[in-house]
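Morning, everyone. Let me put one model on the screen and walk through its contacts.

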Amino acid sequence: MKYAKIVLAGGNGYLGSVLANYYKTIARHVVILSRKSKAAEDNVETVLWDGRTEGQWTETLKDADMLINLCGKNVNCRYNEKNREEIIASRTVPTRLLNKVIAEMANPPKLWINVTSATIYRHAEDHSQDEYTGEIGYGFSIDVCKQWEASFFETETALTRKVALRMGIVLGRNDSVFPRLLNLVKFGLGGHQGDGQQYVSWIHEYDVARCTEWLLNNEGLVGVVNCVAPLAVKNTELMRLIRKAFGIPFGLPSPQWLLEIGMLLIGSETELVLKSRWVVPNRLLESGFVFQFPNAKHAIHDILSIRV
């Protein structure tokens with residue numbers, strides 16, 4: 001085994017399962033901090049925590065190779081006052097708690113990755129946004145990201161290196177965005193959304209896991225790192241690639257007025273679909289990280305080849 005212990009805070013969701021499956025073969029012990037109990041499976045153990053108070057769970061952080069914090073209420077909801085408060089608190093409260101615990105430890109995790117969001121950058125159709133010159137946007141989603149990262153960096157943890165991993169849209173077969181897009185394609189609704197010119201910054205789930213291991217082994221990477229594939233695609237192209245890979249030549253488009261109605265009916269926001277996220281991972285590329293799936297075509301073919 002290459003590593004002793006990997007801790008995944010809030011790791012009982014989709015991305016947590018991706019990371020747990022990746023690390024269970026190369027780490028002696030994988031710990032998931034969760035509000036729900038679950039029986040241990042091989043070397044993967046679930047430990048209860050509430051994300052708000054200290055408790056026995058703090059012992060799991062001792063001598064960990066890496067902590068990855070995945071906490072946060074799903075943003076796929078209407079942005080009413082109650083949901084806005086929960087979205088922010090579900091991110092900042094656990095982050096501040098982990099900061100307090102880690103800052104007081106004698107043997108804390110060597111690396112702490114806080115998974116944040118690439119949506120912090122502005123709507124961009126003119127040029128890409130990187131970690132050095134990327135322009136921060138405005139609006140609720142961006143405010144969430146700013147408060148999230150501020151709560152992460154506000155406390156110094158002298159013995160623990162910190163990386164805010166600005167994640168793009170993760171593509172995988174089991175959950176998240178891809179199965180929903182595939183269902184649209186299957187039912188003949190897999191055309192572009194809006195005018196289709198908005199960029200989608202995506203990343204294959206396997207490259208997400210590989211990226212976290214790369215960060216663990218490259219100590220010079222500190223601060224903000226973009227976690228997206230190097231080649232963003234426009235919404236029109238992404239939907240075309242999924243249709244072609246699945247063998248369906250045509251898909252009805254969804255104009256903005258129809259999306260507004262649809263998102264209202266399912267309790268979500270059109271921003272999740274219509275915002276142009278054109279983000280590039282310059283720090284990862286400069287450090288020598290090689291993406292296994294740098295382009296969307298190959299990533300989609302791989303995902304569709306996986307039996308679930």
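I will go through the core, the rings, the salt bridges, and then a few surface points.

Ground rules. This is a predicted model, where local features need pLDDT of at least 70, side-chain atom pairs count only at pLDDT 80 or more, and totals for chains, interfaces and linings use all residues. Residues are numbered from 1 along each chain as its sequence is written, and side-chain values use heavy atoms, with hydrogens and water left out.

Start with the core. A nonpolar core here is a set of buried Ala, Val, Leu, Ile, Met, Phe, Trp, Tyr and Cys residues joined through side-chain atoms within 4.5 Å. Buried means under 20% relative accessible area, exposed means over 50%, and partly exposed is in between, with a 1.4 Å probe and protein chains only. The largest nonpolar core has 37 residues, and Tyr23, Ile68, Ile113, Met167 and Leu215 touch the most other members. Elements giving two or more residues to this core include β1 (3–9), β4 (66–69) and α5 (205–217). Which element gives the most to this core? That is α1, with seven residues. Helices (H or I, at least four residues) and strands (E, at least two) are DSSP runs, numbered from the N terminus.

Now the rings. Rings of Phe, Tyr and Trp (its six-membered ring) pair if their centres lie within 6.5 Å; planes under 30 degrees apart are stacked, over 60 edge-to-face, and the rest tilted. By this rule there are ten aromatic pairs. Take Trp112 and Phe152: edge-to-face, 4.8 Å centre to centre, 85° between the planes. Trp112 is in strand β5 (residues 111–117) and Phe152 in helix α3 (residues 140–153), so this pair ties together parts 40 residues apart in sequence. Trp112 counts as buried, at 0% relative accessibility. Phe152 is buried too, with a relative accessible area of 0%. Phe152 also pairs with Phe153, tilted, at 4.8 Å and 55°. Phe153 is partly exposed, at 36%. Elsewhere, ring pairs link Tyr3, Tyr22, Tyr23 and Tyr206 into a cluster.

Charges over rings come next. The test is NZ of Lys or CZ of Arg within 6 Å of the ring centre and within 35 degrees of the ring normal. The charged end of Lys162 sits over the ring of Phe152, 5.1 Å from its centre. Arg84 lies over the face of Phe140, at 4.5 Å from the ring centre.

Salt bridges. The rule is a side-chain nitrogen of Lys or Arg within 4 Å of a carboxyl oxygen of Asp or Glu. The whole structure has 15 of them. Glu54 and Lys100 meet at 2.7 Å, N to O. Glu54 is in the loop between β3 and β4 and Lys100 in helix α2 (residues 81–103), so the pair ties together parts 46 residues apart in sequence. Glu54, Lys100 and Glu104 are linked in a network of salt bridges. Glu154 bridges to Arg96, with the closest N and O atoms 2.6 Å apart. That pair links the loop between α3 and β6 to helix α2, 58 residues apart. Arg210 and Asp207 also meet, at 2.7 Å. They are three residues apart in helix α5, so about one helical turn separates them. Is Asp207 buried or exposed? It counts as buried, at 0% relative accessibility.

Asp42 has a positive phi, near 55°, and is not glycine. Asp42 is exposed, with a relative accessible area of 78%. Asp63 has phi near 60°, also positive. Asp63 lies in the loop between β3 and β4.
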